[in-house]
Every structure is written in structure tokens, then in C-alpha cells.
Amino acid sequence: MRDLEVVLVVVTAIAVLRPLTPLTRSRVLTLLIAVIPAIVAVVQAVVEGGRWQLIPLWVVAGAVIALALRDAALAPRPGTPDPEPPVVPPRRVSPIILGIAVIGSAGLAWALPIVHLPPPGGPFSVGTTTLTLVDEDREERYGADPGGPRILPLQVWYPTSDRLVEAGDPWLLERDGVMSVAARDIGLPGFALNHLSLVTSHAIRDAPPISSGDLPVVLYAHGWRGARELHATQLESLASHGYLVIAADHTYGAMATHLPDGTIAEVDETALPNGVPQEEYEAAADLLVDTFASDLTSILDAVFEEGLLDDLVALDRLEGHPVGLIGHSTGGGAAILACNRDPRCGAVVGYDPWVEPVPDTVVGGDLEVPLLSLRSDEWVGNGNDVRLRRLHAGSTAPEGRVAVEGINHQDLTLLPLLSPLSDVLGLSGPLADEASLDVLDRWTVRFLDHHLRGIGTDPLMVPPEHHHTTLEKATDPVSDPG
């Protein structure tokens, strides 16, 4: 909870308990204690921003003023005897009801907090901007009414010379209406995630990029039902280390996508259908990963051949370095597939990359670019992992698989930070926290620094120190699938 939210809970609780104390005898103190929560509520809403979890506190703040006016009117004047109390004094019933409301509101505010995202650790401040790619050369395969060009909303992060700030612009840019769809998608009321609009990033919107030097390009692909923001801290970190980073919402494969005309494109369930024969499911999965991979190629074509980012940075500053691709789950498989196809790719990083839909020609072939796979406990040793080991075994470039102990598949995103109850509810592993995100950051930045830019030590040779990670290579006898 934020500082003023804590103050609001405390002063409201004191006001609720007032009728149970001798302070009720003083009209002045009765009214003063009742008014303070209302004042704090207004200040908190103005300074920090109000949110729905605090509505019960606001109601209670109004109720205690009404009760205080009642008690002040009933308080005996000095020198007069106390009246006989009723059998069940109303003033003793009200604090119980209001106290329950205070506890419930405080519990909601704690369970669904305004998240403080970890700051990037590079030397640069971070700028960000949004734009849209309309690919006229590709027909949309998904949606209730397929056809027309493939439309990809994009967000770009880059190093800026603008001021250093502790918190930048909102974490969720241009996401009006998306959060209500996302909430319903996970079984919550539509308003349940509205408070996330108050979460701030560490990026400054539309800040000018640094004025000189190359900007190596990195593309990120989210997973099935994911969103570009679910790895925002990692993408900001890369930008703070001098990369230009681009992430798309893969339309109809993302949880919800805000299109330029204002409509919300919800995830297309038929893109990865449940309850269908295995062959039909596998064909759909193959098509989905291929679509995500083609999205990455389309973005590269738009940047390097069509001048998509010319208004942001000169093209000659983006050329001269191979491109890095990063992806989580479905996006990880797509990044590997796109990297195999596209000679502009110089290194690929997968966070639990889903390679079961990646063609045998890639998995069983000779991948010629450096490959790093970071895997959760949940995905180590499953059928996908067997296929991933085969991919690594065929690599002719530096490769390594890193197992991260104590985390689940979704812990490789920001999701565990959204509630302190994620572990209790089984939504995250026991070790999922900012430390697990730090693992991704250290491995990813060092890997791309070394293999794209030729700087720093190769983490495959000198792994970053962390107690909960294990590095395996295809050359290790115990991990060679044969």
C-alpha cells in the first residue's frame, strides 16, 4: 500500500473506534476525529490517485461524520448526568460494521497493490513511444471477421539523454478498455484491474533518443494471451544499456489489443483451441507460432526497409549490428523460428520458449546463432524441454540452457509482482519475486552485450552469480539428449 493509503486506513480506523472510547463525551474531539479521515481521503486521492479498493474507506469516512454529528448532539452537556443507555447502544453496533468495511478495504488495497516496478540498471535514462504497423502484405488470419491487413500496435523503448527520473509515464500506455477485458479473461470483474493504470514505469514518453552512437535493435515477443507490458522491466533495462527495443501486441494472440480505430481485439480462442483432436490442436499451434514469427520479420522489414522509425532515429544509427530476438513461451518459439529464417538475427533468447510447434527442420537442424534459454522449474523436464534440448544440441553457435529454481512459467513475466498473494494462490513459485526478474535481466543483458555488441564477458563461460540457477550446455554429458 502507498503511504497516504496507510495513513487513511489508520485515521479511519481511529474514527471508527471513537464511539467506544471516552472521547465521545467531547463534542469538539468527536467532530475533529470524524473530519480527519475525510480530509486525508481527499488529499490521498489528489496526490496518489484514488482507486476502487478504497471506496469502502471513503464510504466509512462519510459515515463516521454522520455518526459524529449524532453523537455530538446526544452528548450530555457539562454538569448534567449521563442518560440511561439503551440495551443495545447503536453507537456500539456501528463501529463493528464500519470496522469490517475498513478491514476489507485495507485487505483489497494490500492484495491488489499499486506495483512499484524495479528500476533499470543501465547508465541511460529510458524513453518510450508507441506507434502502429499496418502490414498490407499480410492478410489477417484471426478474429471474428478475418481479412484485411495485419495490424500490430508497437511500443519502442530506447536510451535517452533526458532527465533521470525515479518514475516515468504510466506503465500501460494507450490501454483504455484493455484492462477490463483482461480482468474478465482471468475470471475477475471488469473493474478489478483498473488500478493498474496508476502504476508508473521508468520510461519517459516521447523523450528524445541519445544524440549519437549506434543503437542495436532488439525485438520482444510475448506469449499466448500475453501483452507487451509483461516484460516492461526487462525491456527498459535493455534500453538503459543502450539498445533500441521494440515489442508488439500480437493481435488476437494477446489478451486484448487496442487497435487504432478504438476497438479492442480480444484474444481469438480458435487460434489455440481446447477440446479438439490433437492433430487439429498441433496445426493451430504451428500456425500461431508461425504468425508470431512473421510478425517479428514484418517489424524488421518495416524498420530497416520502410523507415518505420525514421521520425525517432536515423536509420544509419540502427544498422551495423545484428538484431537480437527475445520471446516468452509462444513468443520464445516464434523468436527462435524467426531467427532461423532471418539473416539479420544475431542472437536469440527464450524465456521458457515453446518449441513444440517449431518445425523439425529448425529443431533438428543446425541453428547458427547464439542461443540462450531460461527455463522455469515448471518447464524443466517436460515434453517441450526434451525438444528444446534437441534444438540446443544441434546448435553450431554458443548455446546454453539456464534452469531457474523455484519459479513457474508465468514467473518469467511481471505477473507475480501484481499481488503478494500470487504464491499463496498457486499462481507463482515460492521464489518468484524481483530476484527472479533480476536473473532474467543479468543473463539477457550480458548475453546480448557479448554476442551482439562484442562487449563484456560471455555469461555462458562466466555465469552471473545467483544461488537459484543452473547452467547446462549440450556438450555436458548429463544433458546431451543423444
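This is a predicted model: local features need pLDDT of at least 70, side-chain atom pairs count only at pLDDT 80 or more; totals for chains, interfaces and linings use all residues.
Local features need pLDDT of at least 70 and side-chain atom pairs count only at pLDDT 80 or more, while totals for chains, interfaces and linings use all residues. Residues are numbered from 1 along each chain as its sequence is written, and side-chain values use heavy atoms, leaving out hydrogens and water.

**View 1. Helix H5 (residues 178–185) is largely enclosed by the rest of the structure, because 6 of its 8 residues are buried.** Buried means under 20% relative accessible area (1.4 Å probe, protein chains only). Helices (H or I, at least four residues) and strands (E, at least two) are DSSP runs, numbered from the N terminus. The buried ones here are Val178, Met179, Ser180, Val181, Ala182 and Ala183. They pack against strand S6 (256–258) and strand S7 (264–266). Just past H5, Gly187 takes a positive phi of about 85°.

**View 2. Here's the largest nonpolar core, with 58 residues.** Such a core is a set of buried Ala, Val, Leu, Ile, Met, Phe, Trp, Tyr and Cys residues joined through side-chain atoms within 4.5 Å. Helix H7 (residues 278–304) gives the largest share, 11 residues. Ile246 is among the residues with the most contacts inside this core. Leaving aside neighbours within four places in sequence, Ile246 touches residues including Leu154, Val217 and Ile299, where contact means heavy atoms within 4.5 Å.

**View 3. Helix H1 (residues 3–17) packs with helix H2 (residues 27–49).** Their axes (lines fitted to C-alpha atoms over the stretch in contact) sit 9 Å apart at an angle of about 165°. H1 and H2 are therefore roughly antiparallel, a label for angles over 145 degrees.

Key. Buried means under 20% relative accessible area, exposed over 50%, partly exposed in between (1.4 Å probe, protein chains only). Axes are lines fitted to C-alpha atoms, for helices over the stretch in contact, and angles run from 0 to 180 degrees between N-to-C directions. Angles under 35 degrees count as roughly parallel, over 145 as roughly antiparallel, 65 to 115 as roughly perpendicular and the rest as oblique.
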